[in-house]
Amino acid sequence: MSAQNGTGLRSYKLKVWRQPRGAAGGKLVDYEVSGIDPGMSFLEMVDQLNESLLKRGEEPVAIESDCREGICGTCGVVIDGMAHGPIPNITTCSLRMRSFPNGATITVEPFRAKAFPIIKDLIVDRSAMDRIQRRGGYVSVNAGSAPEANATPIARDVQESAMDSAACIQCGACVAACPNAAAHLFVGARVRQFALLPQGHPERNERVLAMVEQMDAEGFGDCSNHGECEAACPKSISIENIATMRREYMRAAVGKR
Amino acid sequence: MNAPAIGQLEVVDGSLDAKAPGGDIRTRWDRHRFEMKLVNPANKRKYTVIVVGTGLAGGSAAASLAELGYNVLNFCIHDSPRRAHSVAAQGGINAAKNYPNDGDSVWRLFYDTIKGGDFRARESNVYRLAQLSVNIIDQCVAQGVPFAREYGGLLANRSFGGAQVSRTFYARGQTGQQLLLGCYGSLMRQVEQGRVKLFPRREMLDLVLVDGHARGIICRNLVDGKIERYAADAVVVATGGYSTVYYLSTNAVQSNATAIWRCHKRGALYANPSFMQIHPTCIPQMGEGQSKLTLMSESLRNDGRIWVPKQKGDKRAPKDIPDSERDYFLERRYPAFGNLVPRDVASRAAKQMCDQGYGVGATGRAVYLDFAEAIGRLGESVVRDRYGNLFDMYHEITDENPYQVPMQIYPAPHYTMGGLWVDYNLMSTIPGLHVIGEANFSDHGANRLGASALMQGLADGYFVLPYTIGNYLAGVAPGKVKDDHPAFADAEANVNAGVRKLLSLKGKTTARELHWKLGRLMFDHVGMARNAKGLTETIEKIRALRAEFWENVQVEGSADDLNQALEYAGRVADYFELAELIAIDALARDESCGCHLREEHQTEEGEAVRDDANYAYVAAWEHTGDFGKPRLHREKLDFENVHLATRNYK
Ligand SMILES: Cc1cc2nc3c(=O)[nH]c(=O)nc-3n(C[C@H](O)[C@H](O)[C@H](O)COP(=O)(O)OP(=O)(O)OC[C@H]3O[C@@H](n4cnc5c(N)ncnc54)[C@H](O)[C@@H]3O)c2cc1C
Ligand code: SF4
Ligand code: FES
């Protein structure tokens, strides 16, 4: 396929953040990789680096990924200062090396935020996001108690709009990109999905109050409308979600149903 | 040592009790539920259940068990339960709702699934699955899963391979993620209420048996390397599929066979390991550094037309090849189903065309999937509406625009119909060990139809296991086994020894290099078409590679740290053992069925020839300590409701 041939193999200089587990800090370490096919993914390039480190008897760079097709939210590093790298609307794993000119120097760092402590090298702990979800990222319905699925029609535009918010993959890039390390885009997307859908309405107020309370408790920052989150988001979650969350919060705070 | 011929393997008949009820198939599940023992509601909290896995199967089971009042310990290798590979399912989930009024019914879904599986699945299980399919959709909609809808606000359906009715529910191209989010929400609600204790970043490395019953697991904490013990009254394994044995597959890079393989080594029988689905519509392999293959949803076959040039080695650009010089080979060979034939049939046909020299692309290992006609008929915007994100993904990966140039696709390992053997209660041959989702073997026979794995995982987790496990627990006094029992110390020592051995090897090659070699071998000889000679030679080669692994692999770092090289090497070590069983199973099944085409058994046109007189059974393998000599237990399959017939999609 065209992606693979035609353009020749490439070499890169890498500056990669290395931080031992449990250490207070780390540093950028220089590496070189060559023989890189432009159709390779960024993570496959890192695989190749790690293979060569293993063979030299050095410890590979710790970096997380799983689906490698942009849907599980496991991957995510800061590349040349940008969460998920230079190409908009994609995850780190979907990034291809053809996006980097031959010979370029590429700096790779972990997602940084107070609420995302570094575990090792490029791996951070994002469990704060799960703890926010625990507080209300759901509809309370036990297995077996659901009504017939077509009993509640939902207008197609409402469902489509809810789907736009539901597309969030909980990767945390919005937090990493935000100068305040705020999680508003992520929480906003979850709140908005359930604010739109009738199934979410019975718990609407409790949900937004609890999730925002947990967000604050986890040490995420405040939102001051920089919009960096939206630019970094691989799933095109719009900052409109933050506005919805604020409205929902106000509404709940004054106790409206 | 030579690979065993089937005659040299020990065969046992009548040892497996599937516990499938008899009588009218339509009321079997109702009667079974009535006959099962119940745990008193007040006593449920005294029971602890371990659930390994947080995908659609494990997540739904953990949440539902907790809702019933059980104490649940839930484990996954990921940082969050919501990352399980179920998240990647694109196309949809089947249910016999018959909303489109096109003649669907529970019976038809049952029939399609039995036939699609080429008559190698258990009728009772499949009927139950079809019955429960409708409850799943109700449950997911109530959770706020934003399934696609029609303009009137009601749920939309589309058709999927292997079916002539529209029964597939979907949420853009991310059905799996939306279903998993619903399931994850229910799970997190139970975590918040304290009924589920979550253990992320843990890898199950052994099963603990006390007096022959599953009573706990041993895990490695993937952050600090600590080996941890967990005791319970029953264990549920829901660790997903393991197509990664083939190195390149559509599965996530961390998908693995370790949990079920280690259960197998503790005595759980492993059923139909060679039933391995190779999915027809994947982006072809590009280079050697590639780490995985990307699936293009089967739904694309609803509007895309598959073709190759009529002339061998035709190097013209596709747009320069006139219609009369194209071979739409699926439409030609299977006029009734056309591009919508089941996966095994579509994959094999594509392979045959490429093997005969008609393949396209740089490697000749690809066929076209062309949307020009659909774009002409429907307009680009409708096509974008239906498949936009898939087209974008294809464009991103290949740098080619599928709105202008036909996609290139080739089959890739995708789904494992085989897995640990379970009875109608989803319990393995080890009492107390239950297996659900893709990790078990049930329901799909020799070939899974599209959009039915999500259905099975959720049926198992929401609606089957929560009842059937009660039947087991009702006979167990709760909380009797603690993790200071000597069986835990033994299993822990076993795990520690394995970890130390891997770190001590200090060889010259990497686990990835050997895994890559294994994958090539498996794809070429235990893939879409197999024969006795190739399988016999492959078994020898697997053994040689396994020996090389244990002599020459290099794993850096320490046992007491986050160590991904160590995790990966452990999984690859298990693939080398499992691969041999897969090849032995393929060799022993001297017939063609579903995904398993034995070249010795095909018609002149290349269609599979089943041998129902000799092979209408589930092959359940027992580990004997010698990988080359597993013991075969045969569960005979009876077809009382769907008559055994040759599949015909013409
Ligand atoms: C790309 C792709 C697309 C698909 N599309 C569809 C579709 O459209 N429709 C359909 O019906 N099916 C589809 N399938 C199949 C379907 O998605 C899977 O069969 C199903 O989701 C598997 O669910 P599961 O819960 O059994 O396993 P998984 O979702 O894979 O979950 C496995 C869980 O086990 C955990 N785990 C694994 N090993 C260990 C261990 N040793 N210790 C602890 N935890 C462990 C993991 O962390 C994870 O939580 C698709 C599959 C793929 C790969
Ligand atoms: S909002 Fe976007 S960037 Fe933030 S977690 Fe969700 S997908 Fe990631
Ligand atoms: S690895 Fe799954 S989104 Fe990147």
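Residues are numbered from 1 along each chain as its sequence is written, and chains are lettered from A and ligands numbered from 1 in the order in which they are written. In this predicted model, local features need pLDDT of at least 70, side-chain atom pairs count only at pLDDT 80 or more, and totals for chains, interfaces and linings use all residues; side-chain values use heavy atoms, with hydrogens and water left out.

The average pLDDT (the predictor's confidence in each residue, from 0 to 100) of chain A is 95. In that chain, 96% of the residues score at least 70. Residues 1-6 of chain A fall below 50. Beyond near neighbours in sequence, this stretch has 22 contacts (heavy atoms within 4.5 Å) in the model.

Helices are DSSP runs of H or I with at least four residues, numbered from the N terminus. Helix 5 of chain A covers residues 184-196. Its 13 residues reach 17 Å from first to last C-alpha, close to the expected 18 Å. The expected span is 1.5 Å times one less than the number of residues.

In chain B, helix 6 (residues 258-265) is largely enclosed by the rest of the structure, because six of its eight residues are buried. These include Ile260(B), Trp261(B), Cys263(B) and His264(B). Just after this helix, Gly267(B) takes a positive phi of about 125 degrees.

A nonpolar core is a set of buried Ala, Val, Leu, Ile, Met, Phe, Trp, Tyr and Cys residues joined through side-chain atoms within 4.5 Å. The largest has 199 residues. Phe220(A), Ile93(B), Phe147(B) and Val245(B) are among those with the most contacts inside it. Helix 15 of chain B (residues 564-588) gives the most to this core, with 17 residues. Leaving out residues up to four places away in sequence, Val245(B) touches residues including His515(B), Met522(B), Tyr575(B) and Ile582(B). Another core, of 37 residues, lies apart from the largest one and includes Val308(B), Val341(B), Cys354(B) and Phe371(B).

Ligand 1 lies between chains A and B. It is surrounded by 38 residues (a heavy atom within 4 Å). The closest are His78(B), Ser86(B), Met204(B), Glu438(B) and Leu454(B). An oxygen atom of ligand 1 is 3.0 Å from a polar backbone atom of Ala57(B). A ligand nitrogen atom is 2.8 Å from a polar backbone atom of Gly92(B). A backbone N or O atom of Ser452(B) lies 3.2 Å from an oxygen atom of ligand 1.

Notes
Helix = DSSP H or I, 4+ residues; strand = E, 2+ residues; numbered from the N terminus. Buried < 20%, exposed > 50% of the residue type's maximum accessible area, 1.4 Å probe, protein only. Polar contact = N/O pair within 3.5 Å; in protein donor to acceptor, adjacent residues only side chain to side chain.
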